[in-house]
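Work through the exercises below with the model open. Try each task before reading its solution.

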Amino acid sequence: MTTSEASTRERVVAMVAQILKVDPSKISGKDRLREDLGMDSLASLELLSCISDELDVDIELDEAMSLVTIDDACAFVDRVRAEQRGGAAS
Amino acid sequence: MAAPPPEPIALGLARASALGEALATPHATAAEADALPMVRAEATRLMARLADAATIDRDGEIPSALRATIAEAGLFGLTIPEEHGGAGFSLKATCAVIADLATVERSTAIMIGLHSGLGVRPLVELGTDDVRARYLPEIAAGERVASFSATEAEAGSDLTGIRTTGTLDGDAIRIDGEKAYVTNGSFAGCFTVLCRTPGLGGQRAHSLVFIPRETPGIGIGVEEDKLGIRGSSTVTVTFDAVRIPRELVLGEAGRGIDQAHAALSWGRTLMSAGCVGTARAALELALAHVNTRRQFGKTIGEFTASRAHIARMASRLYAAETLVRWSGHALASGQPIDELSLFVKVLASEASFEICDRALQLHGALGFLEPTGVARLLRDCRITRIFEGANDVLLVRGGAAVLGRRPSPEPLRLALGGALAPEAKSWQALHERFLAAAARVRAEHGVGVVRHQLVLQSIARANLALLVGLGCLLRAEARPDEFALGRHAAEDALAEVEEHLGALSRALHDETRVQALSELLYAPHAGGRAGSA
């Protein structure tokens, strides 16, 4: 795991913990937003909207709807940020 | 990654001919086509004999004799498989029966509808063979009336706020917590309860559990004093160290939210069927009144203003019945109805309230008096815009669901020949405008659109009106005897699409306006202090 990925994970987990008011250490990357964390579609979108704002990534709605786990969200954020950095550098 | 669910409109267009036929009938199968008329006739006969709506409203309870007769007639087993003593009816056929019950008396329809959907379906679909065999025959016989408990004082539309908890306790599950607004609660023989189950699934996982009434630790509160459906039982239920065996956790532990939403699809559709029944009763009362009440030398029904009310009521009723049948047909066809049932519920609850309100208006001052029965119908249907998901929230969810799906790359075409060709063409043009508007919203806001509730609601309302327009056109094409009404209902729906696309274009501006004004209005109440007049 790269430093950037670890940072993304920590920030995403912190946001989830804040929204759900739970101990961050109890949240695993494999936790599913709906089944394991009890977030319905709107709560999931709220989270992803927070991620979009906090981590400065653009997330399309249909992409957001397809994210199932915390790991999915982190991987997605890292990919988009890498693309954005690549785009800015070119 | 999960695939986004299919779009109801796309599925409808792909199978337009079959859908039109399905929307024109109340049954889902050939077997139901034979059995359903008899069940409906018996239900209507016993309701007319035993269900006095005014008395039930006044006394605040469904007479035990009526409940017993309903049980003898098998109406508690409508949605329970035949091998467990039920009728094995589909959602669609059950809706026809619920609408008939509601036409006579709404509280009874609520009791049977809640029992048949939310109360029973999780056990039918998720229970183990042993648990089903043990409890379903009693439930089908009406010896155990079913209930469903999700809502809590601090968890209404937001089910993630649920505090009732199931914890592992040796080889059992211990349930602690309190559920609010439990329909059928005072006489329920079993409770299907959505609770947090940390330790079963993830840290914040929820599960559905089935709790027989005789389990120690269950407390039943007093009946709530309600505006309408006063004969329906609505109580708080407490669970204090209630211990149940693990086999009474329904289905996969930790999947409770999804399971509850699946059950809600049944519940919302059945509740919508009740709205159809109430609306039908209101239209019948209004028709009888306008054809007898005379003013200015003729019956008031002869005035165009009255005819406009009646036409609108019939149009809305047709739309609601069409969408209820669509939801039932979709489920019978193996399609998911989470999203469709949400739209059906919004449409049916709003339509029934509008129809009852217009019926009251047509009755004049008489309608405001309880003996006409119109006031009771209005009171009875008011709750339907709130329970099983407040419409305001459902529209936000619906808008997010619509926007969260990438549109079909293939162009969707509605091609109807004959006299409905112009309306089909209008529908097609509006659908294309809607898709373009939705694409603009996606591009402009991304996932941040979740914070623009008026945008999401406008998207949802435009989508709903398109659903109504499509359903009414397809049904009218399949049934020449319904042509005039179906076309009228479709024309109303198409006008509403225009209206909601206009609202969508103003939504961001409207959000800014209400934000500014609400800050002024809320200021005196900040911190919970009452403002001065």
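**Exercise 1. Helix packing**

Task: find the angle and axis distance at which helix H12 (residues 338-363) of chain B and helix H14 (residues 391-403) of chain B pack.

Solution. Helices (H or I, at least four residues) and strands (E, at least two) are DSSP runs, numbered from the N terminus. Step 2: read off the result. H12(B) and H14(B) pack at about 140°, and their axes are 10 Å apart. Step 3: assign the hand. The crossing of H12(B) past H14(B) is left-handed, the term for a near helix turned anticlockwise from the far one by less than a right angle.

Step 1: list the contact residues (C-beta atoms, placed from the backbone, within 7 Å). H12(B) gives Glu339(B), Leu342(B), Phe343(B), Lys345(B), Val346(B), Ser349(B) and Glu350(B). H14(B) gives Asn391(B), Leu394(B), Leu395(B), Arg397(B), Gly398(B) and Ala401(B). Step 5: sort them by class. Ala, Val, Leu, Ile, Met, Phe, Trp, Tyr, Cys and Pro count as nonpolar, Asp, Glu, Lys and Arg as charged, and the others, Gly among them, as polar. The contact has six nonpolar, three polar and four charged residues.

The model is predicted: local features need pLDDT of at least 70, side-chain atom pairs count only at pLDDT 80 or more, and totals for chains, interfaces and linings use all residues. Residues are numbered from 1 along each chain as its sequence is written, with chains lettered from A and ligands numbered from 1 in the order in which they are written.

**Exercise 2. Positive phi**

Solution. Step 1: Asn184(B) has phi near 70°, positive although the residue is not glycine. Asn184(B) sits in the loop between strands E3 (172-183) and E4 (188-196) of chain B. Step 3: count neighbours. A residue is buried if 20 or more other C-beta atoms lie within 10 Å of its own, exposed if 12 or fewer, and partly exposed in between. Asn184(B) has 25, so Asn184(B) is buried. Glu388(B) has 26, so Glu388(B) is buried.

**Exercise 3. The chain interface**

Task: how many residues of chain A are in contact with chain B?

Solution. Step 1: 30 residues of chain A contact 30 residues of chain B. Step 2: H2(A) supplies the largest share of chain A's side, eight residues.

Terms used: Contact = placed C-beta atoms within 7 Å. Axes fitted to C-alpha atoms, helices over the stretch in contact; angles between N-to-C directions.
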